[in-house]
Amino acid sequence: MQLIFELSKKGRRGVQIDPLDVPDVSPPSHLCRHTDLRLPEVTELDVVRHFTRLSRRNFGVDTNFYPLGSCTMKYNPKVMDRIAAEPGFAQLHPHLSSCPAFLKECQGALALIYHLERLLAEIGGMDAVTLQPIAGAHGELTGTLLIAAYHKDKRNEKDLVLVPDSAHGTNPASAAIAGFKVVEVPSAPDGTLDREAFRAALTERVAAVMLTCPNTHGLFEPAVQQIAEMAHAVDALMYYDGANLNAIVGRCRPGDLGFDVMHFNLHKTFATPHGMGGPGAGPVGVNEKLAPYLPGPRVTKTEEGYELSEPIKSIGKIAPFFGNFLVAVRAYAYIRMLGAEGLEAVSANAVLNANYVLSRLREYFPPAFQGNCMHECVLSAVPFLQHGVKALDFAKALLDKGFHAPTVYFPLTVKESLMIEPTETESRDTLDAFCDAMIELARDASESPEKLHAAPTTTPVGRLDEVRAARELNCIYPA
Amino acid sequence: MSWIANTEDEQREMLRRIGASSLEDLFTVIPEEVRSGRLALPGSMSEFAIREHCAELAKKNDTSLVSFLGGGYYDHFIPAAIDALVSRGEFLTAYTPYQAECAQGTLQAIYEYQTAICRLTDMEFANASLYDGGTAVFEATTMAVRITNRRRIQCSPTLNPIYRRLLETHTFNLGLQIQTGVDPVGAACVIVQNPSFRGTVSDYTDLAQRCHEAGALLVVVFNPVSLGLLKTPGEMGADIAVAEGQSLGIPLSFGGPYLGILATKREYVRKMPGRLAAATVDHKGLRGFVLTLQAREQHIRREKAMSNICSNEALCALRALIYLCLLGPQGLKEVAHQCYAKTEYLKRLLPAEWLADNATTFNEFVVRLPISADQVVERMLTRGIVAGLPLHSVGAGEPTELLIAVTEKKTRGQLEFFAQSLREVVCS
């Protein structure tokens with residue numbers, strides 16, 4: 001398929017600008033651009049056709065089952081997009097919040113922020129929530145910065161953060177950017193945190209313990225309360241990575257499990273669209289230990305309306321204003337539509353669907369761990385290595401069956417891992433079709449592995465040469 | 001409403017297959033004493049009810065005022081085709097393009113975006129997007145620290161104060177020295193903004209040279225629309241160019257989602273944060289696109305990654321790309337030119353002694369008024385005008401200074417009414 005740059009014809013226009021209605025003046029030449037501005041010259045129809053064609057070379061939740069583990073690719077209800085497009089939200093200038101005189105012009109937005117923070121605080125069992133963090137990893141960074149501020153304030157000399165080996169890569173990366181050294185704690189053979197290793201790693205130097213619960217093995221940490229108790233005994237704070245909140249939302253709150261700080265992924269649990277990788281949103285909840293350090297400004301409610309204030313010991317600013325506001329608008333609508341019972345049904349059916357997939361596939365693909373799973377199951381393709389078939393081959397072959405691949409090669413703790421998260425919005429019919437496809441592929445893998453090696457054949461391109469891409473580094477169109 | 005597909009009968013059959021007696025049975029691993037019981041949330045709502053409720057909230061935000069607010073975030077015209085295209089579910093509901101074969105739409109769009117940004121800025125590599133302009137300044141800073149192994153950062157006094165605050169917050173535990181100034185000696189980087197937060201335009205070519213002589217990097221924060229007219233970061237010799245991409249077809253959205261743009265030179269690409277798409281071929285020789293140099297990123301390198309970024313602002317990058325394609329070179333030049341000319345026209349309608357900076361400005365300028373800016377904006381509001389940003393409210397100027405932004409959307413009539421109103425409210 002052609003690039004939009006390859007469609008360019010000199011003199012074509014996509015947009016008409018009104019003629020200038022004031023005197024024509026130009027800045028001094030030495031401040032002006034003297035290079036060619038080589039953007040495409042195309043019509044609006046060229047643009048519409050090009051990007052419509054591009055879109056058809058993608059899988060989305062709207063077109064295909066997308067069982068990516070730890071990504072929670074649930075259906076994104078259209079009503080949320082419609083609400084986010086309200087001119088009163090989408091066209092609102094953020095600097096209206098910078099000046100007291102303008103606050104009365106943005107009361108609806110401030111109200112929504114205030115109420116969403118309260119809703120999330122209730123869902124997480126937290127005292128306060130900030131919507132500022134722009135993504136999940138940004139929430140992790142915010143949380144670990146809050147932890148750093150807390151320890152600095154108490155003059156605690158702590159420089160380590162404990163992170164399980166099953167954690168998402170963002171956990172250690174965020175802790176490192178917040179100025180901490182990362183200590184990895186291994187998993188036990190049953191897939192939960194190795195308690196002995198944890199005990200050994202937990203010294204006075206530990207500032208925080210970052211846990212995902214259920215973890216990326218799809219397992220609830222049964223000892224999470226004891227882990228929290230041990231951590232608190234050395235004044236280490238407990239960080240909850242909300243990536244897997246969909247498993248327990250509405251029925252169990254991180255705050256009640258002993259966590260001091262957490263982030264929510266609005267684009268996972270609260271159904272806002274992933275947008276090819278973003279925008280998401282990663283609000284952070286804290287208990288009373290960390291509330292004084294939250295980024296400002298905070299929206300407060302008074303008799304006169306919604307106002308802004310700075311927490312006394314605020315770490316500063318994490319986002320220019322209130323984070324990804326239009327993502328927050330969508331999540332607010334989602335939570336209000338579901339209510340408490342709806343959220344309970346979400347986690348119930350997310351866990352039901354994952355266990356159903358596990359029950360159908362476990363005899364073909366050995367589960368990495370025994371027993372039931374929570375919202376996702378981790379299987380392994382190791383038995384097929386003897387036929388030369390890897391997890392990656394299953395991933396590619398599934399594309400030909402019309403399914404997006406599960407997460408593969410993560411968690412790093414499981415060899416040839418296939419991590420499947422169906423989410424609550426998929427029907428049993430879809431799950432059955434997916435499981436049937438997986439079982440058929442398992443048979444093919446033993447009998448005719450070349451079929452899997454050749455996949456995918458129905459996608460716009462076949463397997464791509466990544467080595468060549470890295471070597472040539474053709475990252476902008478050269479012509 | 002929870003968009004759950006399975007009927008109660010199906011749920012029962014599925015439970016039987018699993019070997020569980022009830023849905024609750026699936027949660028026995030969670031200790032009884034930490035189960036929360038029913039959450040204290042308001043009752044559920046229908047689609048109709050939530051739309052009415054949110055429309056009410058939206059109405060409490062007044063977007064009918066004629067606004068001269070800028071301060072880094074601008075009200076430009078947004079063509080309808082952008083919304084139509086980014087609403088397609090194949091873009092909107094796709095994940096990060098890790099499975100390249102079923103994400104060619106995303107990957108080619110990123111490649112085209114990277115190309116468009118490099119052509120706009122005259123830089124050699126651009127990443128697939130960061131969160132916003134302020135966090136892009138932070139990422140550029142840590143990138144410069146990695147490249148130079150120095151820990152002193154010089155920030156121009158006219159850098160957007162929000163970016164400065166974001167930079168200080170994000171790095172407060174990293175032991176960097178964040179200072180005000182443009183002295184490259186011993187610095188990892190010098191960060192300048194063009195046009196500055198006050199709207200003034202400069203040429204940083206000489207500074208780039210001084211930076212390079214001192215072994216420091218020059219980070220230029222630019223306004224993407226301005227590059228339809230103004231000298232580019234690449235022409236000046238910038239090492240890293242970053243921007244808030246909101247002005248490229250992204251609505252104001254009360255602060256987000258926005259778009260962090262970061263572009264750099266070839267020699268620094270391996271130190272660059274964020275995703276990067278590259279062209280390659282499949283086994284048949286067909287052109288295709290993949291994510292490349294992923295070993296820089298957190299999912300591979302964990303605590304040694306160039307950044308912790310995972311989710312980015314891909315859909316906003318797509319908006320920016322479509323905007324640049326629709327406008328084309330001529331359209332972007334016209335928009336930039338109109339922003340400049342209309343700003344100049346408004347400046348000429350105001351008393352010359354009010355103009356605070358004796359310099360070329362782009363789409364924004366500061367007036368120093370005889371009375372407080374707070375008082376002025378209050379009075380202007382009664383005339384249906386948001387007059388601009390009182391600079392002291394963002395900690396960036398004197399109480400009498402007002403930052404006024406003018407985009408191509410403002411008509412001559414609006415500018416004249418604004419100037420007349422401003423004279424009147426100041427003198428009243």
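Predicted model: local features only at pLDDT ≥ 70, side-chain atom pairs only at ≥ 80, totals over all residues.
User: Is B:G37 buried, partly exposed or exposed?

Analyst: B:G37 is placed in the loop between helix 1 (8-18) and helix 2 (47-59) of chain B. Its relative accessible area is 43%. Buried means under 20% and exposed over 50%, so B:G37 is partly exposed.

User: How far apart in space are B:G37 and B:A241?

Analyst: In sequence, B:G37 and B:A241 are 204 residues apart. Taken C-alpha to C-alpha, their distance in space is 51 Å.

User: Turning to chain A, what radius of gyration does the globule rule give for its 479 residues, and what is the value for the model?

Analyst: Chain A contains 14 helices and 12 strands. For 479 residues the globule rule gives 23 Å, and the value for chain A is close to this, so the chain is as compact as a globular protein of that length. The radius of gyration of chain A is 25 Å.

User: What share of the residues of chain A counts as buried?

Analyst: The C-alpha trace of chain A spans about 75 × 60 × 45 Å along its principal axes. The accessible surface of this chain comes to about 15400 Å², with 49% belonging to carbon and sulfur atoms. Of the 479 residues of chain A, the buried share is 69%.

User: How far apart do the centres of the positive and negative side chains of chain A lie?

Analyst: Chain A carries 45 positive and 56 negative side chains. The centres of these two sets are separated by 4 Å.

User: Which elements of chain A do the buried residues of helix 11 pack against?

Analyst: Helix 11 of chain A, residues 391-400, is mostly covered, with eight of its 10 residues buried. Among the buried ones are A:D393, A:F394, A:K396 and A:L399. The buried residues of this helix pack against strand 11 (407-408), strand 12 (417-420), helix 12 (428-447) and helix 13 (449-454) of chain A.

User: Which residue just after helix 11 of chain A takes a positive phi?

Analyst: The phi in question is about 90 degrees, and its position is just after helix 11 of chain A. The residue is A:G402.

Note on methods:
Residues numbered from 1 in each chain as written. Chains lettered and ligands numbered in written order. Heavy atoms only, no water. Helix = DSSP H or I, 4+ residues; strand = E, 2+ residues; numbered from the N terminus. Rg over C-alpha atoms; globule rule 2.2 N^0.38 Å. Buried < 20%, exposed > 50% of the residue type's maximum accessible area, 1.4 Å probe, protein only. Areas by Shrake-Rupley, 256 points an atom, 1.4 Å probe, with all protein chains shown as cover. Lys, Arg positive; Asp, Glu negative; His and termini not counted. Charge placed at Lys NZ, Arg CZ, Asp CG, Glu CD. Contact = heavy atoms within 4.5 Å.
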